[in-house]
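Hi everyone, thanks for making time this morning. I'd like to walk you through one model and the details I'd look at on screen. Please have the structure open as I talk.

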Amino acid sequence: MAGNIFVSIRNITRKRSISLTRINNERLFNKAGFSLLEFTIALVIIAALVSVLIPKLNELQDNAHKSNVQLTANSLQSAVNLAHNLWQSQGSMNKTALLKGYGEGNILMGGKGWPVSALSMNEDDSIENITRLALNSSTCKRLWNGLLKNTSPKVNAVSDSKRDELGELKFIYLTEFNQGVCSYHYLLTNNGWRIEYDLGTGRVITLF
């Protein structure tokens, strides 16, 4: 008789322990989950943060591109000024001259002492033949490569702009000639940024 009473008491204790364990597990599960309201609030907060961060990231990216354009323009102006100083040192005042072996070849200097074209070493370098060359977009391309050498970003003329098979731009700048000014359009953004070089005054400006 005593043995039966012991067993029943043990069973009762076991049932109570099982039920208490289930209750505790259910409470923990309910605490770990999110309610629909909490989930909605979290989404709203994330959306607000994204809406603030994206414009900032775009602004930082634009500033980086703008700095690159300005640095390139400064390099072009420095090269133009150096060529002008060499022209003056040769005693070529008020006349067209050729700076041989400058840059990637020979630089043709106009009557006011500013670069107006560029030729490779193996081209006919007589002033008579050079001055007959028409000024066009290709002239601007040659000037860019001749003045800035191999360190310059790649530039192409409007007439022969192409993309590679993947559709990615091969060139960073696209140049055109208009009324004595070479315009170099920056292609990595759609902001219409460009560098302009005036062949008559030697002035380089950036337009943002």
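I'll begin with the overall layout and then go through a few places one by one.

First, a reminder that this is a predicted model. The protein has 208 residues, and 29% of them are buried. Its secondary structure comes to 4 helices and 8 strands. If you read from the N terminus, the order is α-α-β-β-β-α-α-β-β-β-β-β. The accessible surface is about 14,000 Å², and carbon and sulfur atoms account for 57% of that. As for contacts, take those with a separation of 6 or more: 40% of them join residues 24 or more positions apart.

Let's turn to helix H2, which covers residues 36–89. How many residues does H2 have, and how far does it reach? The helix has 54 residues and runs 80 Å from its first C-alpha to its last, close to the 80 Å expected at 1.5 Å a residue. Its buried residues include His65, Val69, Thr72, Ala73, Leu76 and Gln77. Further along, Ala79, Val80, Ala83, His84 and Trp87 are buried as well.

There is also a nonpolar patch on the surface to look at. Leu37, Ile41, Ile45, Leu49, Leu53, Leu57 and Leu60 make up this patch, which covers about 740 Å². Take Leu60, which sits in H2. Is Leu60 buried or exposed? Leu60 has a relative accessible area of 58%, so it counts as exposed. Just after H2 comes Gly91, with a positive phi of about 70°.

Next, please find strand E2, residues 105–109, where Ile107 is located. With a relative accessible area of 0%, Ile107 is buried. What does Ile107 touch, leaving aside residues up to four places away in sequence? The list is Ala97, Leu98, Leu99, Tyr102, Pro115, Ser117, Ala118, Gly146 and Leu147. Leu119 is 12 residues from Ile107 along the chain, and their C-alpha atoms are separated by 6.4 Å.

Gly146 and Leu147 bring us to helix H4, where both are buried. H4 takes in residues 137–148, which makes 12 residues. At its start, a side-chain oxygen of Asn136 comes within 3.0 Å of the backbone nitrogen of Ser138. At the other end, H4 is followed by Lys149, whose phi is positive, near 65°.

While we're in H4, let me stop at Cys140. This residue is buried, at 0% relative accessibility. Apart from residues up to four places away in sequence, Cys140 touches Thr175, Glu176, Phe177, Cys182 and Tyr184. Ala157 is 17 residues away from Cys140 in sequence, with a C-alpha to C-alpha distance of 7.7 Å.

From there, move to the loop between strand E5 (173–178) and strand E6 (181–186), where you'll find Gln179. Gln179 has a positive phi of about 50°, although it is not a glycine. As a reminder, most residues other than glycine have a negative phi. Gln179 is exposed, at 74% relative accessibility.

My last stop is strand E8, residues 204–207, which contains Thr206. Which side chain makes a polar contact with that of Thr206? The partner is Gln70, at 2.9 Å. Not counting residues up to four places away in sequence, Thr206 touches Val69, Gln70, Ala73, Arg194 and Ile195. Val69 and Ala73 were among the buried residues of H2.

A search of the whole structure finds 1 salt bridge, and it joins Arg194 to Glu196, with the closest N and O atoms 2.8 Å apart. In general, side chains of opposite charge can pair when their charged atoms come close. How do the two partners compare in accessibility? Arg194 is partly exposed at 26%, whereas Glu196 is buried, with a relative accessible area of 17%.

Conventions. Residues numbered from 1 in each chain as written. Heavy atoms only, no water. Salt bridge = Lys/Arg side-chain N within 4 Å of Asp/Glu carboxyl O. Buried < 20%, exposed > 50% of the residue type's maximum accessible area, 1.4 Å probe, protein only. Helix = DSSP H or I, 4+ residues; strand = E, 2+ residues; numbered from the N terminus. Expected span 1.5 Å × (residues − 1). Polar contact = N/O pair within 3.5 Å; in protein donor to acceptor, adjacent residues only side chain to side chain. Contact = heavy atoms within 4.5 Å. Patch = residues over 30% accessible without salt bridge, like charges linked within 9 Å, V, L, I, M, F, W, Y side chains within 5 Å. Areas by Shrake-Rupley, 256 points an atom, 1.4 Å probe, with all protein chains shown as cover.
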